[in-house]
Structures are given as structure tokens and as C-alpha cells.
Amino acid sequence: MPSARALSIATLAVLAAVSSALTSGCDSRKPSEEPAAGKPAAAAAATASAPEGRRSALPPGDDRFAAAIAANLSRVPDPAIQAPEDGGTAAELDNGAFRDRAIAFVRRVAAGGDKVTCDLALSSKRPFRAVVMGFQEGKQIARGDASDAALCVALKDAARRAVAAAGGAPEALAGARLVVELPDHHESMLESVERPGKGVELVEGLVPVRALDKALLARRIEDGKGYLSRVIDPRHKGVHKYYHAPADRFEHELHTIYTASTALTLLKLHAYKPDERLLRLATEAAGFMIGMQSREARDRTAGGFFYAFDLDRERPERRLVVGTASKSIFTLLELHGVTKDKRYLESAVLAADWLISMQRPDGRVRSALIGQEGGTWKVQGKESTLYTGQVLSALSRTYRATNNKKYLDAAARTADYLLAKIAEKGCFLGDDYRKPNPISSSWAVQSLLDFAKAGGDPRVEQTVFRCADDLVKRQWRRPEDAYRYGRWQRSLSSSGSGWLAEVMSEVYHHCRKKGTEGCDRYKDAVVAAIRLLLQYTYGPESSFVVKNPQAAAGGVFWSVRDRYVRTDSVCHAMNAYLNIIGELGDGPLLTLPERPLAERMALAAEAPSAGAADTGLPEEDGDEAAAGQSGPKGDDADE
């Protein structure tokens, strides 16, 4: 099994190939979800879908190109290496110059010729292992490996093998993006789109954001606005949950809750910069949502929202999830506030009444109703803290919109249940589906905040700030670790990070409104999370693994290993951006300096494990992914 540090682009490329093969033709499933039991691919897919399984199943090497290399290497020119006239000493190199020279050198080798100049005179106590890869339209088309005591020789030999893997012709890699890695020296770089022939830093497969300012955030808001406009189905006006960016396709379902989340973010964008097109898109999306709401009073489902619409069968899935109803209420109430159209308030009230019917006497919440053959409904009764929080928020907001005390009374039952749970177990919460994790905990914070706004109970407000502080302390804030800085422990996905940032921005604003001291600790947590989220956002430099960079632009991909975009990842990130951008100054917000090249290389040469402990994938990632944000179907960071 490879070490944590070995999960670099080379390894991730193998994972991507396996994942692509497993998900081909399975548009309706989550990209890593296994086929139904009993099908031939079930065992293999099940192994690949779990992070631990994927680690243990990794091949010892990538031999996909072995045959092509053997057949073509003799036809690839083997140029003589010559030193530059000025000597080009290593002491003159900084990180950026080193990457620029390495990419340029590999390009020169790939172009063919009898001689090639190399100005990378670095020395090391261990041989340099070089990996050169080529990516074109999201697919890896080449890979070459080589080792040598001289860095220039290792890079040259790896580049020649990459050319051979791509067919052997001098132009084989002409249209490809290059990735160059020195795995044993903790160095990875990508050929820049914005500066052709130059290098961009990679950290565990991500293009790190080392400097954040308001201008960069404003650009990403515009990119996200474009992305959300593209995920709306042009015919039905509902929204896809998944965009499979490497393959440039959506799954064949539209999801009510993601439609609600998208419409809510579009309304936030409209408030940020008024745009009638955004308001029109939001109202059209609300039309899809209302069309997915049950009106059947005889079976007591009236008010619930069907979870998904199957585009192949042209019908809704018979599953009514309380999270879907709750998030739909958020959007419908907001849209009513903007348009004053009574249809939205009526739909929200009907949904709130259904949520009350899903409450238990002690305030806990039944998760869903699932349609059975014959037309009956089965109750899914396990407790989900996410659902409990979402229902509490929805009922609290409905009370504020209607001033009908029955919604406040119903909310109070669930609030009392959550408060008792926190008193017993502390702020870090789990449920019947998950170990304690920050997503569940943050939903307790958000929902109690909504209840405090509705009821004005100071003890609830105190719990909100106490549990928000608990989450702030759990955020990863080591500036030398660009891979994880801003992330929360046990929250591996971009959706989770975005949601936590959104919650912290809401807590910050409430703190400011109350005139409480120390509110900037919440804003600082949001800024740190935003920097992390921008690393997971498709842009010109980070789109080398996608087929259609223009379609993916602004999408926030799920994780380092899973490069699909889930709509709630974009919505939560955008909500956090929009909630906080007005509070930010125009100067630098956050800077994470990179260690000097000489220091990094010297550490790597003398202590092979030096970089692994503080910059590699943490050992806990496997546990985090296992705990994850996924519970029952439809129960995740947004549902």
C-alpha cells in the first residue's frame, strides 16, 4: 500500500482511470457509488468507492503505457545534455524559477533534437526519481518514469518515455498539459495555461491558493454564477446533483433539494448585484420545486417534496425526505420575500405542516417516507442530526414569516431535544448514521441560531456561540500546510467545508448584530475556509483533468480523489463568499508562504520522511472519508 505522500498526481491519475471505467454508463449514480449487488462489477466498484478500499487496491505501479513505451522508445531522440553558458547554479533558483525551468526543459526534450540545455544543477544525497505525464481533454495520454543521480538526466529520461507512451512522434505531447513530479523530493508541478511553458505548483493534486484577496474572491463569485446557470435543466428547470467534469456529463436526474439550494444562491447573487435574469432563473427553479410537491392529503404526504425526478422515466422518485422539504422552505420563503407572490408562502407553509407530522413527541425527526409497491409509504426513522437541524431551521423560519405560534412551538420541541443532546454529549455531535463530525455539529449551530432569532432565548444564543467556538478550535490553521489550511478535521469534502464556512458567516453576522466582542474569530474562520475552497474550484490552471474546461469553470469539485462537482459544493461556497465579501478590505486577506526551494530540497535529501508529516495527506483522511457526510440516501451536507 502506498504511503500518504504517494497519493500524488501519478497515483490520482490511476484512480481517475479506474473511477472513469467504473462510472461509465452509470449516469444516475454518484460517481463513486457501486452498482447494484449481484452485477458483475459490484465487488470491484465497492472496493473503489471507499477511500480505504481504493488505497489498498492501488497497483504498485502504473503499467498502462508499458507496451507503448517498449514499442516506441527507440524512435524517440536521446539528446545530449549541455550546461548553460552562465552556469545556472542552484543557489539562484527560487520555487517559481525551478518549476519554470523544469517544465521548459521537459518541453525541449519532448520536442526532439540532438542537444538540450539544462539549467537545473541540483544535488541530492538520494537519486532523483522523475515522473512526466501528459493530459489532454481531461485524459492522461502519457507517463514516463526514470531515476538518476543527476536531475537533468532523470527528467530527460522520463520525458522521453512519456513521448514514447504517447506514440513516439515529436508532436505527441504538443497539445498536452504536462505534469512533472519528483515524488521522493516532495515536488509536483503543472504546466501553466496562463503562462505556456512555465510551471505551476501542485500540492497533493491541487493548485494551491497561497494569496487571497477580495479581487480574487469577486472573480470566483462571477465564475460560480456562470456555473450555477449551467446546471439548470433547460426544459424542466430543475437542477442536477452531479456534474461529472472529467467526462463532461450530468447524471440523468434532477434533484429538488439542489434546485432549492441553487435558487437560493441565485437570489443571494441577485441581492449582491441586481440582475433580473438571476431572479427569473430562481423563479423558474421554484416552479420545478412546487411541481415536485405532493398535494395528496389522503396518504398524509401533502407538503412533502419528492426527492428526485428521473429524466429517463419522466417521473419523480417516490421518496419524501425532510431535508428536501426543509431546504425548499428556505428558498420559498426567501423568494416570497423578494416577489411577494403568495404561491411561495403557501407552498412553504404546506411543507412546514408536513414537517410537523414527521416530528416525534420528544422533538426528534423521522427522516423520510419511502414509497412501497402498492402505493403504501414506509417511514425511515433513524435519527440524523442534519435532518433534525434542518427541520428546526425550517420551522423557525416559517414562524418568522407567518407569526403562527404552532411553528414556534414545534420548533421548540426539536430545539429542546438538541439542547439536551448537547448538554449530555457536548457540541461535537454524531447520529445514527455517523460518528461525531463537524457537519452534524454545524447544523446544530445553524438551527439553534435560527431558533434564537425566532424565539429570542438568550440561553440558546449562548449555546450557539459556545458550539461555534468549539468548531473554530477544530479548524486546521497551520500556515505551512497549504493542502489542509482552513479545513475542519473529519470534514474531507468541499461540500462540508463550504457549509461550515456558510454557517460561520451566519454566526459572524449575528455576533456583529448583537454587539458581542471577538466576532472576528468567526470571520477569520470563513476567510481560511474560502482559501481552501478556491483550491477545489475549477479554473484555467486546475482544469487539466476535465474534458471541457469552459463547462467546468466555477465548479467546486468534491475532493482530491473525486473530481466531480456536486451542486451543493458550489452553493455553500458561494453563500459563504456572498455573506462575507462586504466585510472584507481591499488588501491581502491571507498569505501562506512556500518554504524556500533550497530548504525543501535539502530536507528531502537528508530526511526522506521530512515532508510527509506536515504536508502530505494525513493518516486520518481514511477515517474522515469513512465518517464522511453521507448517511441515508438524500442525507448529506446539503440534504
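**Exercise 1. The tryptophan pair**

Determine whether Trp443 and Trp499 are buried or exposed, and classify the arrangement of their rings.

Solution. The model is a predicted one.
- Step 1: Trp443 and Trp499 are both buried.
- Step 2: The centres of the two rings lie 4.2 Å apart, and the angle between the planes is 25 degrees. Rings count as stacked when their planes are under 30 degrees apart, and the pair formed by Trp443 and Trp499 is accordingly stacked.
- Step 3: Trp443 belongs to helix H14 (residues 438-455) and Trp499 to helix H16 (residues 494-514), so the pair ties together parts that are 56 residues apart in sequence.

**Exercise 2. A second aromatic pair**

Classify the pair of Tyr536 and Phe557, and state where its two members are found.

Solution. 
- Step 1: The ring centres of Tyr536 and Phe557 are 5.5 Å apart, with 50 degrees between the planes, and the pair is tilted.
- Step 2: Tyr536 is in the loop between helix H17 (520-535) and helix H18 (549-552), while Phe557 is in the loop between H18 and strand S17 (565-566). The pair links distant parts of the chain, 21 residues apart.
- Step 3: Both Tyr536 and Phe557 are buried.
- Step 4: The structure holds ten aromatic pairs. Elsewhere, ring pairs join Tyr227, Tyr243 and Phe250 into a cluster.

**Exercise 3. The five-stranded sheet**

Give the order of the strands in the open sheet of five strands, and identify its edge strands.

Solution. 
- Step 1: The order is S4-S3-S5-S6-S7, with antiparallel pairing.
- Step 2: Strand S4 (139-148) and strand S7 (199-201) are the edge strands, since each pairs on one side only.
- Step 3: From one strand to the next, the twist averages 20 degrees.
- Step 4: Helix H5 (residues 95-110) packs on the sheet, where it touches strand S3 (128-136), S5, S6 and S7. The direction of H5 makes about 65 degrees with that of S6.
- Step 5: H6 lies across S3, S4 and S5, and runs at about 145 degrees to S4.

**Exercise 4. Strand S6 and its partners**

Describe how S6 is joined to S5 and to S7, and explain why S6 can be called largely enclosed.

Solution. 
- Step 1: Strand S5 (residues 177-182) and strand S6 (residues 187-191) run antiparallel and are joined by four bridges. Val179 has Leu190 as its bridge partner in S6, and Glu181 has Ser188.
- Step 2: S5 and S6 form a hairpin with four residues between them. In the turn, His186 has a positive phi of about 60 degrees.
- Step 3: Three bridges join S6 to S7, and these strands also run antiparallel. The bridge partner of Leu190 in S7 is Val200.
- Step 4: In a regular strand, side chains alternate between the two faces of the sheet. From S6, Glu187, Met189 and Glu191 point one way, and Ser188 and Leu190 the other way.
- Step 5: Five of the five residues of S6 are buried, so the strand is largely enclosed by the rest of the structure.

**Exercise 5. A buried lysine**

Locate Lys156, and decide whether Lys156 is buried or exposed.

Solution. 
- Step 1: Lys156 is part of helix H6 (residues 151-165).
- Step 2: Its relative accessibility is 9%. The cut-off for buried is under 20%, and Lys156 therefore counts as buried.
- Step 3: Apart from neighbours within four places in sequence, Lys156 is in contact with Asp78, Pro79, Ile81, Phe105 and Val109.

**Exercise 6. Helix H8**

Solution. 
- Step 1: H8 is mostly covered, with 14 of its 17 residues buried.

Key:
Residues are numbered from 1 along each chain as its sequence is written. This is a predicted model: local features need pLDDT of at least 70, side-chain atom pairs count only at pLDDT 80 or more; totals for chains, interfaces and linings use all residues. Side-chain values use heavy atoms; hydrogens and water are left out. Buried means under 20% relative accessible area, exposed over 50%, partly exposed in between (1.4 Å probe, protein chains only). Contact means heavy atoms within 4.5 Å. Two strands pair if DSSP finds at least two bridges between them. Axes are lines fitted to C-alpha atoms, for helices over the stretch in contact, and angles run from 0 to 180 degrees between N-to-C directions. Rings of Phe, Tyr and Trp (its six-membered ring) pair if their centres lie within 6.5 Å; planes under 30 degrees apart count as stacked, over 60 as edge-to-face and the rest as tilted.
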